[in-house]
Each structure stands twice: as structure tokens, then as C-alpha cells.
Amino acid sequence: MDKVGSILLEMSANSVQPNKITYTIMIDGYCKLGNTKEATKLLNEMIRNGIAPDTITYNALQKGYCKEREVEVALQNDHTCNTGLPLEEITYNTLVQRLHSHTALSNKE
């Protein structure tokens, strides 16, 4: 994922603008690596560039927060609710699964 910035610059130099799919793949990649900070930066860039994220984009970010055990952040930053996008089954499943895991881990400590 170190090359994301250079890929975006190369795309721009060749007059190719990233689209929703491009951004979502990159956001998902950062989240899978546990780097929600960079994923959130890309989300903000995406929005600044006039590209509307969809539930797939937000689901990737939610999973990233939950993977980093930032369930509270995932719940506080539920972008899908703030944008009027419908919550999908996968969004609920992710949150319920991670809340359960988080609660189980907290009870062990």
C-alpha cells in the first residue's frame, strides 16, 4: 500500500481520475492492513473530489475500525447513517460480530 500515493499521482499525470471503485479498493486495502488513518484520509479526498462513497466504501471502513478493535469509533463514525445511505445486512453483521468479539475479549481481561 506504500505505492497508493504514487499510483494516484501517476493516474493524475496521465489524466486518469480515480473513481468510486478505485478509491474503495484503496480504502479497503488500507483497512485490511490495519491503517484506518490512511483509509479515512482517502475517504475525505474522495469526497473532496466530488465522488460520493457508497455502502461498500463505508462497509470497508467499518470493518477496518472493527479489525483495529475500534468498535466505538466504528459506531460513532457510522457514515452511512449520516449520508442517508441504507444500512445493509453486511454492515449490521460486521458490527454485531465485532461487538460480540470485543465484549468477549473485554470479559476475559
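Author: Contact here means heavy atoms within 4.5 Å, and in this predicted model residues 24 or more positions apart account for 56% of the protein's contacts with a separation of 6 or more. Residues are numbered from 1 along each chain as its sequence is written, and side-chain values use heavy atoms, with hydrogens and water left out. Because the model is predicted, local features need pLDDT of at least 70 and side-chain atom pairs count only at pLDDT 80 or more, whereas totals for chains, interfaces and linings use all residues.

Reader: Where in the protein is confidence lowest, and where is it highest?

Author: The quantity to read is pLDDT, the predictor's confidence in each residue, from 0 to 100. The protein averages 78, and 61% of the residues score at least 70; confidence is lowest in helix H6 (residues 79-83), with a mean of 53, and highest in H2, at 93.

Reader: How many helices and strands are there in the protein?

Author: Helices (H or I, at least four residues) and strands (E, at least two) are DSSP runs, numbered from the N terminus. By that rule the protein has seven helices and zero strands.

Reader: Which residues of the largest nonpolar core touch the most other members?

Author: A nonpolar core is a set of buried Ala, Val, Leu, Ile, Met, Phe, Trp, Tyr and Cys residues joined through side-chain atoms within 4.5 Å, where buried means under 20% relative accessible area, exposed over 50% and partly exposed in between (1.4 Å probe, protein chains only). In this structure the largest such core has 17 residues, of which Ile27, Leu42 and Leu61 touch the most other members. Helix H1 (4-13), helix H2 (20-32), helix H3 (36-48) and helix H4 (55-67) each supply at least two residues of this core, and H2 gives the most, with five.

Reader: How do the axes of H2 and H4 cross?

Author: Axes are lines fitted to C-alpha atoms, for helices over the stretch in contact, and angles run from 0 to 180 degrees between N-to-C directions. The axes of H2 and H4 come within 9 Å and cross at roughly 10°, which means that H2 is roughly parallel to H4, since angles under 35 degrees count as roughly parallel, over 145 as roughly antiparallel, 65 to 115 as roughly perpendicular and the rest as oblique. Among the residues making the contact are Ile27 and Cys31 of H2 and Ala60 and Leu61 of H4.
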